[in-house]
Amino acid sequence: MTSTIPTIHLTAFTAISTHSDADRVDTGQALVAALHRYGFARVTGHGLAKDDVDQAFRCNQKLFDLPFADKMKAPHPPGPFPHRGYSGTDQSAAPPSADAVGNPSRKMSDLRESYEVGSEEDDQQQNIWLPEETLPGFRTDAMSLYEKLAGIGSVLLSAISVGLGLDEREHGALEQLASRRHSQLRFLHYPAVSRARLQSGVFERLPAHNDWGSLTMLFQDENGGLELRDPQTEEFIHAEPEEGTLVLNIGDMLGRFTNDYLRSAVHQVVVPSPDTATDERGIPARRSIAFFVGPVPSYTVATLPRFVSPENPGRYDPVRFDEYGAVVSKYHYQVGNI
Ligand SMILES: O=C(O)CCC(=O)C(=O)O
Ligand SMILES: [Fe+2]
């Protein structure tokens, strides 16, 4: 693996008064260059305070540490929609037999649990909450995190707009790709993997996929595993966890909007190689928090004319975000990716 993930310092956009317009153009262009070349970047100076990140991971831990029966008080409904509440399997149940371990049809959810949250003002999907007494403060904390991350999503889009040099009309179209009421916050927990299970083969915790929104911000704990595919070499690059850094990746909507000038990034979460399992018990658990920025569901995403030319014909027809999401999420649900 030769490539490294570029790091962009966003302070020109998050500490406005101490930076000039020229700084913002430099930052925007550096961000766009990274997203054009790779479809992803690390971002520092994003404006989410360390305390907020720590609090978010405490929330993640308390949530998934609950007994399975408690987590099932807010179950994700069957099917991909609404994409809200808890998905996972009972980790305390008997581990699968050796046969089941080698069986590729085993549900991926054995290796992952998640909890999805949206805006309280989302008119399409309602949140599914645990009873307050089951996890006091979770609802308030999750909503506060949602709002902060939605704000950072808008800042990132502004930086992209400056970097692309969009005019006012084009900027208006880009802004439609981020709806504060229709984005999604996802808490993820990948349980520890025992030595016995590791020896049965290395598998993904989350198979390779693209996100279908506009862009995704990802915070991960110190236990790595996230890999992003370099679109030129097609090699996966390991995103080594770094404190204070989020990993930004482009989703399908921004890919379509820019005719792939900004590339929707293929990414996955792998179980670290068994050789790295210094712990007798195997590979430790991993936690992450993803925030998916997306358009209003009824919005039709069309490629900006500036990205289309006779040499570079348009690759995509306009598509309504909800119609696109319905097809893609149904697929992901069927294969067990969500
Ligand atoms: O957990 C991670 O690092 C990645 C999560 C992810 O890609 C997703 O939820 O779409
Ligand atoms: Fe993803």
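User: Which residues are exposed on the other side of α3?

Analyst: This is a predicted model, in which local features need pLDDT of at least 70, side-chain atom pairs count only at pLDDT 80 or more, and totals for chains, interfaces and linings use all residues. Residues are numbered from 1 along each chain as its sequence is written, while chains are lettered from A and ligands numbered from 1 in the order in which they are written. A residue is exposed if 12 or fewer other C-beta atoms, placed from the backbone, lie within 10 Å of its own, buried if 20 or more do, and partly exposed in between. On that side of α3, the exposed residues are Lys50, Asp51, Asp54, Arg58 and Asp65.

User: Within what arc do the buried residues of α3 fall?

Analyst: The buried residues of α3 are Ala56, Cys59, Asn60, Leu63 and Phe64. Seen down the helix axis, with directions taken from the axis to the C-beta atoms, they line one face of α3, because they fall within an arc of 115 degrees.

User: How far apart are the end C-alpha atoms of α3?

Analyst: Helices are DSSP runs (H or I, at least four residues) and strands likewise (E, at least two), numbered from the N terminus. The expected span is 1.5 Å times one less than the number of residues. Helix α3 has 16 residues (50-65) and should therefore span 22 Å, which agrees with the distance between its end C-alpha atoms, 22 Å.
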